[in-house]
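Good morning, and thank you for coming.

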Amino acid sequence: MNRQIATFQLDDNLLGVDILLVKEVYRHMSISPIPDAPPQLKGLMNLRGRVVTVIDLKVCLNRPSTEQVDDSRLLIFKTEEEILGYRHRAGLDGVELGEDIVGFLIDRMDEVVTVETDEILPPPPNLTDIEEDLIQGVIKQGEHLLILLDVTAVLEKVMRAAAGKKEG
Amino acid sequence: MSDFDELLPAFIEESQQHLQQIEPDLLALESEGSAPDTETVNRIFRGIHSIKGASGFFGFANIGRLSHLMENSLALLRDGKITLSPDLVDALLSGLDALKSMLEDIVGSETFDIETQAAFLQRLIDDHARDRTTVTVSEKAAPAGEKAESALKKFDISEADIRRFVERDLFLYAVTIFLNADIRKKNKTPFDFIKNMEAGGQYVDSFLDIRSVTGLSDCLENELGFDFIFATELEPDAVSQTLDLPPAQITPIDLSEHQKEKAAEAPQETPAEPSEAELSEEEQAEAIPEAAFRQPSAEKEPSTASPEPTGAERFREMIHTEEKIRVGVNFLNELVNLAGELVLGRNQLMQTALPLTKTAPNLSSVLQHINRVTSEMQEKIMQMRMQPLSLIFDKFQRVVRDLARKHEKEVRLSASGGDVELDKTIIEGLSDPLNHLIRNAVDHAIEPPKEREKAGKPRFGTIRMRAFHQGGQVHLSISDDGRGIDGDRVGEKAVEKGVITADQLKEMSPRERVRLIFRPGFSTAEQVTDLSGRGVGMDVVITNIEHLGGTVDIETHPGNGTTVTLILPLTLAIISGLLITARDHYFILPEVDIDELVRVKPEEIDRRIDIIQDAWVLRLRETLLPLVDLNRMLNLGDDRKMEDRKPGKESQIEPGKESAQKPSPIPAKARLKERNRPLRILVIKHSGAKYGLLVDRIVNTEEIVVKPLPRYLKKMQSFSGVSILGNGRVSLILDVSGIVKKAAVRSLESVIDQTETEEERVREKETQTLLLFDNNTPERFALPLELIRRIEKIPASQIETIKEKQFLQYQDKKLRLIFLEDYLPVARPERTPDDILGIIVPKQMKYPMGIVFHQVINTVAASVSLDTETIMGQGLFGSAVLDGRITLLPDIYTLFELAAPEWYSTKRAEGSGPQRKYRVLLAEDTSFFRMVEKEYLESAGYEVLIAENGAVALRILEEETVDAAILDIVMPKLDGWGTIAAIRGDDRLKNLPVMAVTSLGDEGKSSNPMRERGFEAGFDEWEMKLNKTSLLEKLAALIKGKRKKGVLS
């Protein structure tokens, strides 16, 4: 059993998500900010007539927010409906993307790597500043370590932040 | 069974439709009392009858049995054998419910327990029926050779039925049909077949043809046969033709024995038999073509009466039914979404392509065409989702009846406006809130009959549901004549339940106390039945309605009843919105929520913005409104600091815990002034609350497609949806009710209410009547009716073009026509020579001119608050919110000047004397004219003093020196006649040049009695409203003349 992982750069890290979850990568964004929203929510964008919620991945990973949006890329995910067909694939059970289209702000895309499922290892403790429950696993890529993100967990974190904002 | 797969859904759907019709009919019957309407009984009967028949096709014995019993009891009712008792209605209703349940779960229908209902009905039938005995009839022996070997089929039929058939000389046939060959292959539904059958006669009963199952081995593929007993006056071959069946499947039934009986009785009975009604039906029957209904046979007696209702009627009904196809809701929703996308694409296309139209000459018309087709298509698609309110209205008759019976009350429900249509989503969403409101009304509002009589009311309470269109929205009111709501007791209860504090209650107005019933937590735990009026689950009502984009108003009069009004949008998907900015963010505000636009100049801030109990309010025509700053609200404006709270005042107001934690949405007054530009305030009206929303800029209006909020934003109170603008950017739609909650302006309402009641008394309502029209573009226009002489409708082909100018032959003159789009910053409509155009001919024209428009929308009487800043351009007075929409007010005289500069040459600076500007007093009660005349005068260089009426004018004249005065005649407090009398009676003022500017008197005529009267009263000049050139010329001449006489220094 192998999986294909779309990898990308964020600050000094090499991160990855399952390629089956990715809709497309977008640049030249025109983002409308959302006032009074938590910093994780960077804004909204028009993707060919559909509204994309733009998420500042750096904030989700406890880093300073993305300042230069113009230099960033947007990694756009499929919706719940669009991944229905892949539900049975390895590593995709339990993925919840919701009905809305979301995109992660990233620095730049890297290559797509094919890995065997047993190459994906549990994350070593205190690996990075990234919270452990946002990481699905790590993959050794030569001397680098590819961190496989748990997209569902990241989205849930955003949801919590948005709900918490109201009470605070 | 494959046959069933296709036919079953049709059966269920049609049966449900029948049931839907039957219930209101039954309730209507009951309300009519002892003499049931025959037509209604027959309609119910036919509905049940059809269900019974069709259920036979599928072998649904339970449905068949129950509907058979219901049919029998209805037959007894129809024949006057039993009366319509509440028990009978109960029995029928419960039968109806059982049928509904069985249809909903058709697979389980055979195991559904119908014994209670069946027994109930059977008892009623047994009690009253004397002759429901059955007899067995058999098929006539077939001619030798055809079916000789087969045994004759036998059927049990009620004796009474047989007797009736024989009396009417009907033939009885056993008709065998095969589901596959006769129904499915011919693309029919079982109902079609039954309808068809009923059109030619009367279907009596159906039997599963057991013999065909066991005996006919050649009939494979589940080809089940059904035998129907069919009573008709048609001969066998006509039957075969009518039913579209092979003759072999139709066998006459031998009625010879019964006919003999009849023959014996005939001399006594037959002559008396046909009633008047039947005779007239017979006449109708004669009108049908011979071929369809051949008279059966020679030996027929002349006294034949046709079955009821006649085949002729049925056939006509069938012919006139529009052809329809069924479309799934999902499919429709997809279409709606696509239409939304198309509108969006259209908007973007228009914005991108519009600049190119100058270089590409044909582009403009192509764009207009796409524009129009898109709008029309979208409208039609939205219409497909529209459903009449009667869909939900009808079910409440039942709810009210059952509840009233349960509570031993007498309640009548009347509904009007059931034909008003709303989007399917809204109709569905209305069901629960309405249910709450109606139940509450019956439970709590309507008193028991005795109590009502004591109070001098009729025994029966009345609940009215009324729906109507108003201002692009649907108003749905539910009123009762019950107890009404005691606001004080509601308040006490709310304090008891901890919804509010006692201090908060003290601050509340009666109206606000009543609205407490909408607060969550007020009535969720226990029913507030001891409270008068309503109160159960009202928070559910308001939540649901607001979810639909609607608002709820409540008005109550203790002792006399309560009216709850739901104000609903027609559709959810596309709205007209106002695009505004706060900082550099764009937001959409739904136009329906905007009451008016207000502009406060920097120098007016002191006068118009007040602090009341630590909160900011806007003074608007002698009323006070809470003011919310959008920037602060959304935490956008860091440069405007909160004003320090004044400790002394804080104790008077209880903003509640939550609002104490939130930043105050009100910026400091000084900061407001520092901006040094006018404040833009939108007056928002929502759910009975009204407040001012301070925004940075108003951009324009846009038709937008509402998209749901992404789930990440749902918890934020400030937004209700998102949309994509014409420029492609995503914009958030502001939730006006969420903003109120977030800003916690509630606590202000009481303050406002108190002030309002005092000030309302001194408030003068200055309304004027305006004609609303459009130019076949989304923009709306309005003109004061006072300025309009005539409105004409002409075909566009009558317009003549001479030297690029358009003229119309009108009353022997050439009327110059002005097209709004040529001079105003508005969209250009598509014009074709086939158009029918409207022409507005204004009053008071030196040169005949007319304005071309598309159609009149309405006339409204409104107090116009003219906004001269938001949308401005040459030829516009400005804009105003009228009828819930932003409306442009064209300045017709400037338009004419623009169109025909050769006719109008206004001399500038005639308002200046040798050393200084001339000063003119203008007394005019209508703010619109006041504003316009002032502008005319100032443009000519005059200094203008303003008075709202004659009394104010005199006061000003006492203190100020002016060079001339202009008076309106019709004014409140002191009119023009009174004012001129006072002026001429004052030594100091008796030589002041005074001019009347009025709409009184006949224009254009040299002899004008009103004008004569004006001169007698002391006016120096009499001018009709409103001709800029003439006004200025006459005023200049007046001042000049007096100067020459040396009256003025």
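This is a predicted model: local features need pLDDT of at least 70, side-chain atom pairs count only at pLDDT 80 or more; totals for chains, interfaces and linings use all residues.

Residues are numbered from 1 along each chain as its sequence is written, while chains are lettered from A and ligands numbered from 1 in the order in which they are written.

Let us begin with chain A. It contains 2 helices and 11 strands; these are DSSP runs numbered from the N terminus, helices being H or I with at least four residues and strands E with at least two. Along the sequence the pattern of chain A is β-β-β-β-β-β-α-β-β-β-β-β-α. Chain A has 168 residues, of which 36% count as buried, that is, with 20 or more other C-beta atoms within 10 Å of their own, the C-beta atoms being placed from the backbone.

Where does chain A touch chain B? Here, 21 residues of chain A are in contact with 21 residues of chain B, contact meaning that the C-beta atoms of two residues, placed from the backbone, lie within 7 Å. On the chain A side, β5 (41–47), β6 (50–55) and α2 (151–167) each supply at least two residues. The most comes from α2(A), with 5 residues. By class, this side of chain A has 12 nonpolar, 6 polar and 3 charged residues. Nonpolar covers Ala, Val, Leu, Ile, Met, Phe, Trp, Tyr, Cys and Pro; charged covers Asp, Glu, Lys and Arg; the others, Gly among them, are polar.

I turn now to chain B. In helix α34 (residues 976–985) of chain B, the buried residues are B:G976, B:T979, B:I980 and B:I983. Viewed down the axis of α34(B), they fall within an arc of 95°, so they line one face of the helix; the arc is that of the directions from the helix axis to the C-beta atoms. Among the elements of chain B against which these buried residues pack are β36 (919–923) and α35 (1009–1017).

Finally, which residues join α3(B) and α4(B)? From α3(B) come B:N62, B:I63, B:L66, B:S67, B:M70 and B:S73, and from α4(B) come B:L88, B:L92, B:G95, B:A98, B:L99 and B:M102. This contact has 8 nonpolar, 4 polar and no charged residues.

Technical notes:
A residue is buried if 20 or more other C-beta atoms lie within 10 Å of its own, exposed if 12 or fewer, and partly exposed in between; C-beta atoms are placed from the backbone.
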